[in-house]
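Here are my notes on the model you sent. Please read them with the structure open.

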Amino acid sequence: MFTNILIPTDGSDLAAKAVEQGVRFAKEIGAKITAVTVTEPFELVSVSQIQLEYTPIEYKKHAEAQANKVLGVVSAAAKSAGVVCDTLHVEHDQIYQAIIEAAEARKCDLIVMASHGRRGVSAVVLGSETVKVLTHSKIPVLVYR
């Protein structure tokens, strides 16, 4: 049914649960996975704490190191489960859009990602990348909460 599963991750504990479940599901159905992490580009005018602490070059180095660390965790989990895993680090100002574009470019037929499961006003105010992916993706999305 599914042959290539995209698993977006930011390295958080919540994303780690989706990674674990996504790898397990891929093993069960004999699919490969593509792990992706998205870094927002450096902005000269920013309120992001991390961008205030670094110069553009330092930010890029930090982002690459963080992406390698996050993707390495997924790659190791896939390897120990015997699942083929490709990794991808993307820089994009719209995380949800980068996830969808990565899934399309890599010909993924399922996206597996985590959600905080917020409801009511907090869901509307805070939004989430997962909700945006669900709203805009033509590729099926499996959400772990």
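How many nonpolar, polar and charged residues are there in the lining of the second largest pocket?

1. By class, seven residues of that lining are nonpolar, four are polar and two are charged. The model is a predicted one, and the points below should be read with that in mind.

2. The second largest pocket has a volume of about 160 Å³. Its lining is made up of 13 residues, and those nearest the centre of the pocket are Gly 11, Ser 12, Ala 16, Val 70 and Val 73. Two or more lining residues come from each of the helices α1 and α3 (56–81). The largest share belongs to α3, which supplies six residues.

3. Turning to the strands, β2 (residues 32–39) has seven of its eight residues buried, that is, under 20% relative accessible area. Strand β2 is therefore largely enclosed by the rest of the structure.

4. One parallel partner of β2 is strand β1 (residues 4–8), joined to β2 by five bridges. Within this pairing, Ala 35 of β2 lies opposite Ile 7.

5. Asp 86 in β3 is the bridge partner of Thr 34.

Definitions and conventions. Residues numbered from 1 in each chain as written. Predicted model: local features only at pLDDT ≥ 70, side-chain atom pairs only at ≥ 80, totals over all residues. Heavy atoms only, no water. Buried < 20%, exposed > 50% of the residue type's maximum accessible area, 1.4 Å probe, protein only. Helix = DSSP H or I, 4+ residues; strand = E, 2+ residues; numbered from the N terminus. Pairing = 2+ DSSP bridges. 1 Å grid on protein atoms, 1.4 Å probe; cavity = no way out; pocket = protein on both sides within 12 Å on 5 of 7 lines; lining within 4 Å. Points joined across faces, edges and corners; volume = space filled by probe spheres on them. Nonpolar A, V, L, I, M, F, W, Y, C, P; charged D, E, K, R; others polar.
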